[in-house]
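Keep the sequence and the 3D view open while reading.

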Amino acid sequence: MLSETDILQAVRQHIAERGEVSKVGLPVSGEITWYSLLEGTVVRCIETRTEDEQIHRGRLDLSGRPQYDRLGRHRLAPPQDLSVATTQKLVQRGSVKEESCPCGNGRVTCSRCQGRGDLPCAATTTCSDCRGIDACLRCDGTGHRTRKAPEEHQQAADERVTCKQCGAAEAACATCRGRGHVTCSTCRGRGTRECPNCDGAGTEPHKRCAGTGHTVTWTEGIINRQPRTEKIKWPESGLPYVARQHAREYGDWRKTFLTHKDSVPDSLAADFKALLKPRLKPRDGEIAREADLRYLPLARVVVPEHRHRVYYVYPGPTSLQVFILPSPQRTWQIAATVLGALAVLYLLSQLLS
């Protein structure tokens, strides 16, 4: 475990190695803030078990599927790879029922035509051109001339033909020839049309058996296992990115790999164990877990002699590593200086343009 004495000594040695003793002096005390860095992943296998009634339309051989008595007590081998999702379907023992459908051969009377094979259909339909209103200018489609010959219908006469009802020349609609209706294009005047549901057969496939005449029902149990990966990064904020990245590259991290069968080793640092325990707590439905984590203690040091600097100290492979960043106040000063210089350059460019 690092001590404050070790941390200050590392800072003093770093200043000396940089040749800054005469410039900034060697600190005798400092304000130290401790951080416990924790990184890695925790992969959990979350299992759910569901049961449902199933029906298959037709014949189906279920003898090859695994069976169970009570789904909650059914034992399943632990997963080999926690990162792979798996789904296993089982059959409850004694629940399979193979039955012949009451329909007999898979077909039932058509519900639309009631077995007739056809549907009623109007033999004629209203003329689409005259709409049955102006079928004939002399008889109105009745066959009896009730009107006089129009005196000023030369344009209409050019578009009309002899009426089949009353015989008036150039008075009838060219489409229906004075009748006001035309033969139905669907039934061609027969008065019936083929049932579209059964194609005229009078029967249709039975919905329950899908026309097979046979059904298989059973109780199905499904065991679903899904991986859940948690990325661990502690602390989540409060530490500059560049300081953390420097510690990632040059720090001597303590590593550990734990499964759900392992307890937290006593040899780990107390801070490390305190961070691990809540993150290794089992989740709902968890049946297995793997944690690949690493830990590094880090100290943030500010010394009275030069508060414009912040020292970050952490264990390295052979010795304590020291990384320097400007203090927040110095960062704002630098930013203000840069902005001021940019403003001066902008004003000069405007004056010279």
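In helix α5, the residues Phe272, Leu275, Leu276 and Arg279 are buried, where buried means under 20% relative accessible area, exposed over 50%, and partly exposed in between (1.4 Å probe, protein chains only). Seen down the axis of α5, these buried residues fall within an arc of 100 degrees, so they line one face of the helix; the arc is that of the directions from the helix axis to the C-beta atoms. The model is predicted: local features need pLDDT of at least 70, side-chain atom pairs count only at pLDDT 80 or more, and totals for chains, interfaces and linings use all residues. Residues are numbered from 1 along each chain as its sequence is written, and side-chain values use heavy atoms, with hydrogens and water left out.

- An α-helix has 3.6 residues a turn, so residues three or four places apart point the same way.
- Ala270, Ala274 and Lys277 are exposed and sit on the face of α5 turned away from its buried side.
- The buried residues of α5 pack against β1 (31-57), β11 (214-234), β12 (254-259) and β13; contact means heavy atoms within 4.5 Å.
- Helices (H or I, at least four residues) and strands (E, at least two) are DSSP runs, numbered from the N terminus.

**Aromatic rings**

- The structure holds one aromatic pair; rings of Phe, Tyr and Trp (its six-membered ring) pair if their centres lie within 6.5 Å, and planes under 30 degrees apart count as stacked, over 60 as edge-to-face and the rest as tilted.
- The ring centres of phenylalanine 272 and tyrosine 295 are 4.6 Å apart and the planes are at 10 degrees, so this pair is stacked.
- Phenylalanine 272 lies in helix α5 (residues 270-279) and tyrosine 295 in strand β13 (residues 286-302), so the pair ties together parts that are 23 residues apart in sequence.
- Both phenylalanine 272 and tyrosine 295 are buried.

**Charges over rings**

- Arginine 279 lies over the face of tryptophan 234, at 5.0 Å from the ring centre; a charge sits over a ring if NZ of Lys or CZ of Arg is within 6 Å of the ring centre and within 35 degrees of the ring normal.
- Arginine 294 has its charged end over the ring of tryptophan 253, 4.1 Å from the centre.

**Backbone exceptions**

- Most residues other than glycine have a negative phi, and most peptide bonds are trans.
- Tryptophan 234 and proline 235 are joined by a cis peptide bond, with omega about -5 degrees.
- Proline 235 is in the loop between β11 and α4 (241-250).
- Arginine 188 is not a glycine, yet its phi is positive, about 55 degrees.
- This arginine 188 is in the loop between β8 (181-183) and β9 (192-194), and is exposed, with a relative accessible area of 67%.
- Alanine 210 also has a positive phi, near 55 degrees; alanine 210 lies in the loop between β10 (203-205) and β11.
- At 46% relative accessibility, alanine 210 is partly exposed.

**The whole chain**

- The protein chain has six helices and 15 strands.
- Its C-alpha trace spans about 130 × 90 × 20 Å along the principal axes.
- Buried residues make up 35% of the 353 residues in the protein chain.
- Among contacts between residues at least 6 apart in sequence, 73% join residues at least 24 apart.
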